[in-house]
Amino acid sequence: MSDIKTSASAALRRKGCADDAASHRLRVMRIVLALLGACFGLLALFNALDGRPVIALAEFGMACCGVLLLIKFRSDQEAERWALPLTMLLGAVILLVFWRKPVEENVFFWIMLMPVVSYLLLGRYRGLRYTAVFMTLALAISVYKFSQTDIGYSLTAVFNVVLCSLCIFTMTHAHEKAREQVHRQLTEAAVVDPLTGLINRAGLSARFFDHRASLRRHRRPGSLILLDLDHFKAINDSYGHAVGDRVLIWMADLFDECLREMDAASRIGGEEFALLLPDADERVALLIAERLRGRIAAGGCEIGGQRIKVTATMGVTPIEQDDSDISAPLMRADALLYRGKRDGRDRVVSNLGSPDSVFDNAPDVAGLWSERMHSP
Ligand SMILES: Nc1nc2c(ncn2[C@@H]2O[C@H](COP(=O)(O)OP(=O)(O)OP(=O)(O)O)[C@@H](O)[C@H]2O)c(=O)[nH]1
């Protein structure tokens, strides 16, 4: 029903506890830049003391670049944008030094660093492609250099570098794959209710932010239905907790049946559900809530051959332009829901009035419903 993965990362990002791909990249990039700055600074110092001022100056320039970029990179977007150019620049510098220097085995160490850096900065797929290209070029340069007479390193050294690089390449790939899997699982677990498979409040909050962006950009309406099962404690007491659980799952299935792809159904409490309906004004949301209420009350829930009477009370509210987060519409819907509970339960309450009074003289109700159910 909802794009759980998108919700998950967005929810975590907004909760500030994300190991989301972009913020992971930003953190890694800052570490890489700090290390490069320090390494080039040290190399510049050694070369200056060793009487090689030109190289020392170039290395000092690289160290300054690293530090400047470290100060500049503050946002996830910048990290995403600069990850590839930075990796390419570093790879190009290493290959250039390797190509230019006739006797320089030290460059081998830097070559072996590249798989790790590219996987960390580019992720699994781009890291794999980039490392493959980089390693092929490095190997081609080694082979070319062997064809030269002034070669400064042995075939054994090259063989060891190739083996070591392959090991690092494979281990980094395996590690990045495992990290991504764990990240995905954790992200999903953080926003999915394990019993019903619906998103939880964090997931709903993420969907709300997505919806709010489109609400502000395109001025599309949106509504929220807060639904609470009536006397659920009595169901648990009469039939047992396991049957209560089955009723909750049945509710989730019902949402799957009655809502569209773009709607977000969430379980935000024990027997409390919130339905975020993008592109539905208050009137349409009221109609949907009333149809849903009718479906729940009419059929009841059949579990293990016995029919369990289930009813629900709902509060319906439109999403307002200035709702800064999901708690604002939730509070409004909760007040309406409370009114419904107080007035006898098994009803839908909105500020428009009762569904009967709103739809009594509306010949377009069936059309409104079918139009909504057939849109994506
Ligand atoms: N089976 C099951 N029961 C749950 C779960 N989470 C909460 N509950 C139960 O849901 C019941 C909620 O009871 P109340 O808050 O009194 O609400 P209610 O009985 O539905 O009464 P009203 O909301 O006033 O109509 C409690 O008995 C909780 O133990 C769950 O995951 N599974």
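Which residue in E3 stands opposite leucine 224? The answer is leucine 276.

This is a predicted model, in which local features need pLDDT of at least 70 and side-chain atom pairs count only at pLDDT 80 or more, while totals for chains, interfaces and linings use all residues. Residues are numbered from 1 along each chain as its sequence is written.

Let's start with the sheet. Strands here are DSSP runs of E with at least two residues, and helices are runs of H or I with at least four, numbered from the N terminus. Two strands pair if DSSP finds at least two bridges between them. Five strands make an open sheet with mixed pairing, in the order E2-E3-E1-E6-E7. At its edges lie E2 (264-267) and E7 (348-350), each pairing on one side only.

| Pair | Direction | Bridges |
|---|---|---|
| E1 and E3 | antiparallel | seven bridges |
| E2 and E3 | antiparallel | four bridges |

Phenylalanine 273 in E3 is the bridge partner of leucine 227 and also of arginine 267. A hairpin of four residues links E2 to E3. Six of the seven residues of E3 are buried, so this strand is largely enclosed by the rest of the structure. Buried means that 20 or more other C-beta atoms, placed from the backbone, lie within 10 Å of the residue's own; 12 or fewer means exposed, and anything in between is partly exposed.

Now for a helix. The buried residues of H4 (residues 76-100) include Ala79, Ala83, Leu86 and Leu90. An α-helix has 3.6 residues a turn, so residues three or four places apart point the same way.

Terms used. Expected span 1.5 Å × (residues − 1).
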